[in-house]
Amino acid sequence: MKHSNFLFSVIFGFFTIFTIFTFPNIDAQDEKILELEDIAKNNPKNLDILLKLAVTYYESGMCEKAISLYDEILDIRSNYPEVIFGKAICLNQLGLPEQSLLILDTVPSQNKNEIHILLTKGNSYLMLRESDKAEEYFKKVLEKNPDSESGLISMIILAKQLRDHNMAETFLAKLFGETPAPSQINPQSGVMPFALSFNDSEIYSASLQMQIRNSADKLVAIVESEKILHVPHPLMYEILDNNAIFVETIQNDAGIFEIKKIIVKDSEPAISSYFLDRATLSFDEYLVFFAYNMAIPIEEGDYTIAEWTIKKKIG
Amino acid sequence: MSQLNRTKNIFNYFIFIFSLFVVGIILLSIIFPALIISTLGIHANTLDPFEIGYNGSLILLSNFIILTLGIIYYKNKFPKQIQNIISKFFQKKLSKKFTVVIILIILLPYVVFTTPELFLDESLQAPDYGIFLAAKEKFPFGKTTFTEAAEQNDRYVRMILLIGSLEIFQNVKLLPFLGSIALLLVTYIFTNEITKNRLAGIISLLFLIQSYTFLRYDSFAMYENFWVLFYVLSLYLIYKKFLTSPISYALSIFTKAFTAIFLPLSIIFVLYSNLKTKTKISILISYGIMLGLVITIWSLDASVYDNILRIDITKFFTAIVKTSYQIRFDTLLLASIFPLVIGLIIRAKHGYNIAVPILFLITGSIFAGAVIEMLSDHFVILPYRFIPTIVFFAVGIGILFNHKVDGKIHETQ
């Protein structure tokens with residue numbers, strides 16, 4: 001066999017085998033599931049047990065299994081709102097919002113305005129990027145319960161999708177109050193549900209220039225970023241307004257702006273031990289924002305001088 | 001015929017000037033890291049644009065020394081004995097068996113020393129692992145409001161291979177590591193194929209395996225080398241099974257959409273190959289069909305790519321500048337980048353046509369990263385984006401040291 005044929009066969013063979021093996025692979029089931037499965041086997045018509053097992057599947061991330069069980073229950077009792085809701089949640093989890101909306105339409109009319117149903121519908125529309133419809137359902141949730149945490153978070157995520165800082169700020173303030181704990185609004189945590197791009201804001205814009213120097217003070221790199229994220233909470237604006245080191249006022253066609261420069265020297269710039277790809281500006285433990293798009297390999301002794309320029313429209 | 005030669009010459013000169021431009025910016029940024037960004041950047045500052053970079057003098061000096069030595073050798077100005085030793089070494093014909101032994105000697109310690117990395121916790125090493133896990137939940141066609149996860153799910157081949165590695169071997173790094181080993185082998189085979197010289201292949205393999213960037217990323221699951229592997233394989237298959245080349249290219253695109261922008265590089269490579277005109281046309285048509293299919297699949301799957309594009313020209317220049325920062329520890333590459341470009345231009349001027357597309361692959365792959373940064377700020381440009389550049393650089397080194405008598409084997413017909 002020619003080595004080109006061999007190489008070709010090996011690579012594509014591997015690829016085919018992995019495609020076959022990867023798709024149907026399901027995680028090992030925990031003890032609780034085994035136990036419930038055992039009970040369900042002996043009581044195949046007991047809808048409560050079947051529902052409990054389906055919910056456990058969902059909680060263990062086995063949405064496909066949960067859906068087939070929900071379907072089994074719906075075959076026996078088609079108007080079961082908890083089951084319809086569970087199936088809709090799973091469909092959203094699997095990234096199938098259209099199907100989720102279809103099944104939610106079958107919810108009995110007396111249950112249609114329950115908060116969890118409205119939230120699930122709103123989330124389906126959010127996934128479909130139908131913002132108006134999503135907002136309509138989230139608003140209904142907040143009309144029923146103005147303090148609903150899920151409703152407020154959903155509105156913030158919608159604001160993120162719409163890049164609406166004012167809307168995000170309003171709901172973040174409602175969710176966290178005026179003085180949140182630092183960990184609550186840390187934009188680096190998780191998938192950053194509350195962080196928005198700073199430059200989309202109508203009031204503020206910011207840029208960052210960062211010098212990377214080695215232990216001998218020699219210049220290694222200089223990078224800039226406009227892609228700066230922040231949490232649009234009133235507290236953040238307070239931090240920004242009070243943290244001025246250098247302030248200057250300029251006027252142009254777009255209005256009057258106040259420009260601040262904040263210079264931060266970091267002796268330990270590394271977020272990861274390998275690369276420098278973000279910078280933070282902190283104040284009283286609150287991370288204001290960070291920038292990325294500039295991963296540079298670093299070594300021991302490297303440090304950064306970050307110069308933030310924040311521009312605020314004041315007239 | 002003369003019209004054809006004239007067109008070819010214009011193409012050659014375009015690629016030479018383009019390559020010198022790209023390499024010139026990189027060298028300038030090594031010597032004066034602040035020069036271009038402080039001139040073109042958005043940020044008003046008081047930086048000295050002519051402050052010399054931390055290794056500016058060293059890189060400049062080494063480029064000068066390597067270039068000087070190259071010219072002395074090229075002009076036969078070394079003492080005869082040294083000249084003969086070098087020439088004899090590079091003209092050495094390696095047997096198949098001997099080559100296999102050398103490759104094993106190179107690869108075995110590499111595998112032994114890298115294997116412990118497979119047991120490092122990917123989630124602690126790469127923040128993107130969380131995004132991968134979120135994407136895995138929705139794979140293959142599920143929708144999510146989490147754009148980063150949606151983008152990962154548009155890279156079907158990568159997801160299949162990573163999920164496969166995780167589910168079957170309980171180690172997400174294993175297949176990516178095997179992919180890196182395969183990339184080393186494909187680099188050897190590709191260089192050997194275009195030079196018909198096993199020694200050139202070995203030199204390219206050695207160059208790649210010493211690269212800091214390659215070694216840093218070779219076992220990372222999140223920054224795997226499959227996309228480079230499939231792309232280099234697609235170039236190799238142009239010579240071997242040309243109709244399968246677009247399949248491998250499509251696999252590369254579905255591993256990392258970034259390689260879609262390499263299409264002009266592949267087209268130039270095909271045009272400069274020694275294949276018949278009819279075959280070249282067939283390959284180009286098959287590439288067109290492949291690209292059409294890729295775009296169709298993305299459209300059907302409501303890909304996120306059309307949501308994250310914009311155009312910002314200044315980002316293009318600053319991105320080329322950043323190349324020098326991002327491959328700062330690839331000292332051998334930086335120390336020899338200018339001599340290599342000059343060497344390949346000289347080889348091309350002497351009728352060794354394959355030097356032209358390889359030169360274009362080296363500088364074009366750097367350029368491609370800058371184009372991406374110009375088009376979108378969605379992606380964080382990590383140094384592993386330059387692995388194709390390092391691979392083509394390795395192939396270029398192999399070509400430069402290829403002293404086979406029948407070196408003109410790949411002239412355009």
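Start with chain B: 48% of its 413 residues are buried. Buried takes 20 or more other C-beta atoms within 10 Å of the residue's own, exposed takes 12 or fewer, and partly exposed lies in between, with C-beta atoms placed from the backbone. The model is predicted: local features need pLDDT of at least 70, side-chain atom pairs count only at pLDDT 80 or more, and totals for chains, interfaces and linings use all residues. Residues are numbered from 1 along each chain as its sequence is written, while chains are lettered from A and ligands numbered from 1 in the order in which they are written.

**Stop 1: all of chain B**

Colour by secondary structure. Chain B has 20 helices and zero strands. Both are DSSP runs numbered from the N terminus: helices are H or I with at least four residues, strands are E with at least two. The radius of gyration of chain B is 22 Å, close to the 22 Å that the globule rule gives for 413 residues, so chain B is as compact as a globular protein of that length. That radius is taken over C-alpha atoms, and the rule is 2.2 Å times the number of residues to the power 0.38. The C-alpha trace spans about 65 × 55 × 50 Å along its principal axes.

**Stop 2: the core**

Select B:Val232 and B:Ile358. These two touch the most other members of the largest nonpolar core, which holds 195 residues. Such a core is a set of buried Ala, Val, Leu, Ile, Met, Phe, Trp, Tyr and Cys residues joined through C-beta atoms within 7 Å. Chain A takes part as well: domain 1 (26-176) and domain 2 (196-313) of chain A each give this core at least three residues. Zoom in on B:Val232. Leaving aside residues up to four places away in sequence, B:Val232 touches B:Leu183, B:Val186, B:Thr187, B:Phe190 and B:Val391.

**Stop 3: a loop in chain B**

Go to B:Lys196, in the loop between helix H10 (174-195) and helix H11 (198-209) of chain B. Its phi is near 55°, a positive value in a residue other than glycine. B:Lys196 has 15 C-beta neighbours inside 10 Å, so it counts as partly exposed.

**Stop 4: the two domains of chain A**

Colour 26-176 as domain 1 and 196-313 as domain 2 of chain A. The bounds come from an automatic or database domain assignment. The C-alpha centres of the two domains lie 39 Å apart. Eight residues of domain 1 of chain A are in contact with eight of domain 2. On the domain 1 side, helix H10 (residues 165-176) of chain A gives the most, with six residues.

**Stop 5: helix H6 of chain A**

Select residues 97-104 of chain A. Buried here are A:Pro97, A:Ser100, A:Leu101, A:Ile103 and A:Leu104. Look down the axis: the buried residues of H6(A) fall within an arc of 165°, so they line one face of the helix. The arc is that of the directions from the helix axis to the C-beta atoms. These residues pack against helix H5 (81-93) and helix H7 (115-127) of chain A.

**Stop 6**

A:Arg129 sits in the loop between H7 and helix H8 (131-144) of chain A. Phi of A:Arg129 is near 60°, positive in a residue other than glycine. Finish at A:Glu35, in helix H2 (residues 31-42) of chain A. A:Glu35 is partly exposed, with 13 other C-beta atoms within 10 Å.

Methods. Two residues are in contact if their C-beta atoms, placed from the backbone, lie within 7 Å.
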